[in-house]
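Please look over the sequence and the three-dimensional structure shown below. The paragraphs that follow lead from the inside of one chain to its contact with another.

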Amino acid sequence: MAVSSKVAITGIGAVSGWGWSAPALWEGLLSGRPAIRRPERFDIADHRTQLASEVPKALPQLRSIIPGWHRRTWADRYALAAAFEACRQAGVEGPLRGAGVFFGGSTAGMAEGEKYFKALLGRSSEGLRLHDIASHQMNGPGDEVARHFGVDGPVHTVSSACAAGGLALGRALEALRAGEVELALAGGADSLCQLTYAGFNSLRAVDAEVCRPFRKNRAGLSLGEGGAVLVLEPLERALGRGARPLALLEGVGASCDAHHMTAPHPEGTGAALAMEAALADAGLAPEAIHFINSHGTGTPLNDVAEGKALDRVFGERARRLPVTSTKACVGHLLGSSGALEAAATVMCLEHGQVHPVPWGRESEEVLEGIDLVLGEPRGLISQGNVPARALSTSFAFGGANAAVLLAAFSAIPAEGAGP
Amino acid sequence: MNGRPTVVITGLGAVSAHGCGRRAVASALAGGEPILGEVDRPPGLHREREGSSRKASLIRGLDFKPWIPPMAARRMSPPSKMAVAAAKMAVEECGVEAEALHEAAVYVSTNFGPSTYSERILRQVFEENPEAVSPMLFTESVANAPAAQIALAFRAVGPNVTVTQREAGALLALSQAAAEVARGRVPVAIVAAVDEISTVLHATLDRLGALATPEADGTEIARPFDRQRSGFLLSEGAGAVVLEREEEARGRGAEPLARLRFAASGFDPGASRISWSRDAKALADPLRRRMRESGLGPGDIEGIVSGASGSVPGDFLEARVLRRLWGEATLPPILAPKAVLGEYGVGPVVPGVLAALGEPFGATPGFEEADSRLGVVPHDGSPLPRPRRVLISSLAAGGAGAWVVLESMADE
């Protein structure tokens with residue numbers, strides 16, 4: 001296979017608290033409202049907080065296109081629905097010979113594993129069903145996508161907590177550049193489960209209200225669920241078959257804080273390293289970036305560290321760089337957040353608008369030095385034929401960091417493009 | 001790989017029921033005897049029936065102080081401790097300087113992550129109250145906790161990646177790390193495989209019929225490639241290696257243990273979610289293709305470290321993939337280290353490096369009668385010449401497959 005230099009995104013699919021499609025997500029993001037409410041998946045009464053972004057019920061027609069709906073885990077359904085949507089948009093269908101699947105996740109089928117475990121403990125009226133754990137492992141959603149679309153190339157699942165989705169995109173990019181695959185389905189899917197809901201609450205990391213990233217009164221994150229899939233292929237292949245590139249994936253960077261299991265490095269050094277690595281991977285200078293889709297969890301420590309990381313990478317310009325947070329709208333999707341946020345960033349670049357974070361209360365002040373896109377979308381302005389570019393960042397438990405660099409696609413040859 | 005600078009393994013570490021370090025694992029493989037302990041069986045978890053497994057290869061009461069300060073160890077889950085200890089052994093052997101380690105990438109594979117901590121958290125949620133969940137348990141319950149703890153132990157700020165692709169994960173992690181090193185993105189990579197056994201995990205695999213069933217005398221034994229095989233032995237432990245570019249390793253006077261010649265991976269979309277594929281062609285094709293691209297043929301492989309574990313469908317697929325590649329030709333010696341070390345635990349890379357080093361492997365325990373459907377017979381314990389190239393094979397339940405070929409440094 002030919003070694004490729006530019007990688008195009010030709011399809012995206014997304015499942016989120018806003019619904020079962022990328023347009024539903026985009027419409028929700030533009031609305032400036034959060035899809036964060038009281039979840040119904042499990043009894044939340046005994047938990048410290050009672051909010052999350054839960055995926056709404058699927059329409060019957062969607063259930064009919066995903067074979068074996070009732071046997072599947074929530075995460076598998078999200079992965080398959082997103083993959084169907086992405087492949088349809090890209091104009092590809094299985095069997096996808098010569099393709100690979102690169103997924104990130106952290107809970108995968110844990111919700112169903114919990115049902116099994118509860119039954120094992122004799123605390124469930126539903127009885128013990130081994131099929132509840134058939135797709136329990138982290139590789140479940142990625143494998144299901146590979147199985148359904150007849151993928152015979154590498155299938156690779158990363159589970160590096162909240163950085164997993166971004167790292168999976170990095171692995172896909174490398175596989176395409178090396179000619180290892182000619183098409184990649186990259187993404188992730190995670191569902192809400194009691195283990196992570198109780199776990200994040202035990203750390204006092206969950207806001208009892210809807211999360212407020214980069215606000216001075218922020219008090220933690222909101223959990224979410226869903227999934228996203230991006231179809232990636234060499235640009236020349238996409239153009240050759242008449243596909244419409246939505247954006248380019250120009251670089252991915254990764255690093256580790258090596259500082260603390262849960263707290264980010266207070267100076268944001270690891271986060272900055274990942275962003276610098278993504279820029280280096282794309283052969284670009286910081287000036288090429290037009291906005292940041294931040295990790296933006298809303299936890300007191302993360303947002304300050306992230307602000308410092310932006311200062312390190314962008315210097316004085318960090319204060320004028322629009323910053324948004326998809327998590328403020330659909331919660332934190334954990335291992336799949338990097339994939340969903342990359343999909344959201346692609347839509348921002350495609351539509352020329354940075355989606356806003358929802359308004360909180362009138363009195364909320366934004367952290368100093370952060371140009372937060374608040375309440376209303378902001379238009380993207382790029383000069384000449386320089387394409388708009390963005391970094392989408394993910395900073396995880398254990399200090400694992402990933403930064404994904406995406407560029408708007410224009411049929412006119414771009415200036416400043418990297419390798 | 002891919003015409004890039006060559007990558008070598010310069011350090012190796014292991015934590016297993018047989019002991020810690022290279023020598024302990026090498027002795028175990030030479031001796032050919034698994035070490036098994038009784039698994040806890042709290043009421044209700046296991047199926048109380050004849051043929052239910054009671055044993056596994058367990059790490060109990062290991063003193064981690066030689067590798068991990070007690071202050072740090074008290075904050076770690078068992079897999080984190082095992083992975084950090086194995087990584088410390090590997091780093092000590094390779095002799096890389098602290099400056100290079102600071103930039104190191106860390107790649108870890110795990111099948112189940114810190115499963116005892118997840119189990120304890122869920123007991124707190126379901127038997128006590130969600131508010132009873134321990135934050136310390138939660139922090140260490142994530143799959144990437146061992147990778148994070150390795151990074152903390154070495155202050156390693158390079159990419160930190162945890163791969164979870166079942167039995168294929170260890171070789172996928174190795175190949176991805178090797179690519180990072182070859183590209184020059186990092187000077188060094190620490191690659192580890194780790195797993196622990198919780199009672200729920202053991203009970204569940206037993207319920208799924210995956211584990212070796214007890215013999216008439218109560219012994220439990222895996223029988224890789226044997227006609228009477230009934231399942232695998234579950235094991236906990238960790239294996240770790242250090243990767244560097246060959247030129248730089250030699251430049252600092254290191255003596256590489258083995259060279260990575262190539263890696264390959266593939267997927268059979270026809271495989272079921274919980275078991276191994278039956279389509280050997282789907283997995284043999286990507287290996288054959290990659291072998292050809294690397295300028296090699298089956299005849300260049302002088303030893304195979306198979307993933308055979310005693311699993312009925314797993315060993316069937318393993319044998320059929322090898323037979324597809326070799327056809328009617330004589331296969332090189334086929335080692336089945338999982339018969340001794342168990343499934344998961346140390347992982348496939350450490351036995352692969354030991355094979356490339358020419359360490360002796362004993363007879364495959366449990367193998368008595370060939371399975372005529374397989375056309376494969378494992379190593380009988382006779383002395384073997386040091387192989388020039390060793391193929392490590394890891395085929396996963398669910399459809400993934402991964403392979404690595406290591407080159408011996410014997411002639412250099």
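Predicted model: local features only at pLDDT ≥ 70, side-chain atom pairs only at ≥ 80, totals over all residues.

Strand β9 of chain B spans residues 237-245, and because nine of its nine residues are buried, the strand is largely enclosed by the rest of the structure. To count as buried, a residue must have under 20% relative accessible area.

The partners of this strand can be considered next. Strand β1 of chain B, residues 7-16, pairs with β9(B) in the antiparallel sense over eight bridges. Within this pairing, B:Ile9 has B:Leu243 of β9(B) as its bridge partner. Strand β7 of chain B, residues 188-195, also forms an antiparallel pairing with β9(B) over eight bridges. Here B:Ala193 stands opposite B:Gly239 in β9(B).

B:His202 lies in helix α9 of chain B. This residue counts as buried because its relative accessibility is 0%. Apart from neighbours within four places in sequence, B:His202 is in contact with B:Val39, B:His46, B:Ser53, B:Arg54, B:Lys55, B:Ala56, B:Ile197, B:Leu211 and B:Leu234.

Attention now turns to the boundary between the two chains. There, 61 residues of chain B are in contact with 68 residues of chain A. The area buried between chain B and chain A is about 5,300 Å², and carbon and sulfur atoms give 61% of it. Within chain B, the residues that lose the most area to chain A are B:Phe126, B:Phe138 and B:Arg273, which together account for 15% of what that side buries.

Polar and charged groups also take part. Between chain B and chain A there are four salt bridges. In a salt bridge between the chains, the side chains of A:Glu174 and B:Arg183 meet at 3.0 Å, N to O. The count of residue pairs in polar contact between chain B and chain A is 22, with both residues at pLDDT 80 or more. Several elements of chain B each supply at least two residues of the side that touches chain A, including α7 (145-154), α8 (169-183) and β10 (258-267). The largest share of that side, eight residues, comes from α5(B). By type, the residues on the side of chain B that touches chain A divide into 28 nonpolar, 21 polar and 12 charged.

Terms used: Residues numbered from 1 in each chain as written. Chains lettered and ligands numbered in written order. Heavy atoms only, no water. Contact = heavy atoms within 4.5 Å. Buried area = accessible area lost by both parts, 1.4 Å probe. Polar contact = N/O pair within 3.5 Å; in protein donor to acceptor, adjacent residues only side chain to side chain. Helix = DSSP H or I, 4+ residues; strand = E, 2+ residues; numbered from the N terminus. Nonpolar A, V, L, I, M, F, W, Y, C, P; charged D, E, K, R; others polar. Buried < 20%, exposed > 50% of the residue type's maximum accessible area, 1.4 Å probe, protein only. Pairing = 2+ DSSP bridges.
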